[in-house]
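Subject: Structure handover

Hello,

Here is the structure for you to look through. My notes follow below it.

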Amino acid sequence: MVGVSVMKRWLAFGDTHGDMVDEAALGSLIKFKKHFKPHLTIHLGDLFDYRALRKGISQTESDAYDGLRADTLKGYECLEKTRPDILLLGNHDHRIYRVAAEHPNGIVREAAEQGIKGIEKAAKRVKCRVIPYHYQQGIYTVGTLNFLHGYTANLRAVAEHANHYGNGPDSSVVIGHLHRVEQSTGKRHGRAHGYSAGCLCKFEDMSYASHRLATSMWQLGWAFGVYDDHHHQVWLATQMGDKWVLPTGVETL
């Protein structure tokens with residue numbers, strides 16, 4: 001029928017963090033994807049953890065190199081299993097780009113460059129578009145939905161992202177980065193809505209997060225919904241006990 005938009009399904013998840021991925025939660029996401037059959041799947045960033053690159057890597061850190069390899073291979077495996085259409089690079093993923101551009105050791109820079117080529121090759125294999133980690137260029141928009149990794153992490157971050165990246169009163173901003181399952185609203189006229197999709201990693205095992213009180217707010221989850229050219233709906237998936245209870249049918253009246 002002319003003038004009627006076709007409603008499509010979308011799925012967004014992120015913060016799988018390489019070899020820190022929560023395999024049970026990832027398995028639930030994959031099972032949900034098979035059932036929900038989204039037209040668009042988006043990885044919201046931090047496909048890799050890259051903790052070995054957090055403070056820079058030296059020529060003598062052989063253990064860090066071994067960990068980096070395991071982390072990288074697990075990230076590739078996650079990409080193959082979930083097969084997103086869009087991969088938004090996160091701040092952890094961006095570490096390898098910084099090493100390639102800034103490390104004083106040429107051998108380390110070359111290794112990082114090869115790592116970047118590996119990411120591009122893995123993404124190409126699953127027909128996934130890679131979007132850089134950049135506060136202006138790192139946004140993917142479809143209809144009235146805006147997806148990005150996230151660039152602040154305070155308690156007002158969801159509302160801040162909605163306020164900054166929302167493009168109208170009927171728009172929504174879906175982010176990763178925070179590891180929280182949360183929703184809020186931008187504080188301005190023509191406000192947009194913001195959603196934080198949670199994470200799919202074993203955050204209790206992340207040594208660098210163990211000393212942060214904010215880690216107690218982290219939660220497994222993902223976001224999904226429907227959209228057409230002018231409207232959308234967002235749902236946030238969380239666990240109920242050890243089960244995932246989710247609406248998987250859509251009816252419009």
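Strands S10 and S11 make a hairpin, with four residues between them. Keep in mind that this is a predicted model. S11 covers residues 232-237, and its pairing with S10 is antiparallel, over six bridges. Look for Trp222 here: its bridge partner in S11 is Ala237.

Trp222 leads on to the core. The largest nonpolar core has 45 residues, and the members that touch the most others are Met206 and Trp222. Several elements give two or more residues to this core, including strand S1 (8-13), helix H1 (23-36) and strand S10 (222-227). Helices H2 (62-82), H3 (91-102) and H4 (106-125) do too.

What is Met206 in contact with, leaving aside its neighbours within four places in sequence? The list is His17, Met20, Asp49, His179, Cys201 and Trp218. There is also another core, which lies apart from the largest one and has 18 residues. Among them are Trp10, Ile131, Val142 and Tyr195.

Now turn to helix H4.

- Length: H4 has 20 residues, so at 1.5 Å a residue it should span 28 Å. Its end C-alpha atoms are 29 Å apart, which agrees.
- Start: a side-chain oxygen of Asn105 comes to within 2.8 Å of the backbone nitrogen of Ile107.
- Buried side: Val108, Ala112, Gly115, Ile116, Gly118, Ile119, Ala122 and Ala123 are buried. Seen down the axis of H4, the buried residues fall within an arc of 155°, so they line one face of the helix.
- Other side: the face turned away from the buried side carries Ile107, Lys121 and Lys124, which are exposed.
- After the end: Lys127 follows H4 and has a positive phi, near 60°.

Is Glu80 buried, exposed or partly exposed? Its relative accessible area is 35%, so Glu80 counts as partly exposed, since buried means under 20% and exposed means over 50%. The side chains of Glu80 and Arg83 are joined by a polar contact of 2.7 Å.

Glu80 also brings us back to H4. Ala123, one of the buried residues of H4, is 43 residues from Glu80 along the chain, yet their C-alpha atoms are separated by 8.6 Å. Leaving aside neighbours within four places in sequence, Glu80 is in contact with Arg125 and Val126.

Best wishes

Key: Residues numbered from 1 in each chain as written. Predicted model: local features only at pLDDT ≥ 70, side-chain atom pairs only at ≥ 80, totals over all residues. Heavy atoms only, no water. Core = buried A, V, L, I, M, F, W, Y, C linked by side-chain atoms within 4.5 Å. Buried < 20%, exposed > 50% of the residue type's maximum accessible area, 1.4 Å probe, protein only. Contact = heavy atoms within 4.5 Å. Expected span 1.5 Å × (residues − 1). Arc of directions from axis to C-beta. Polar contact = N/O pair within 3.5 Å; in protein donor to acceptor, adjacent residues only side chain to side chain. Pairing = 2+ DSSP bridges.
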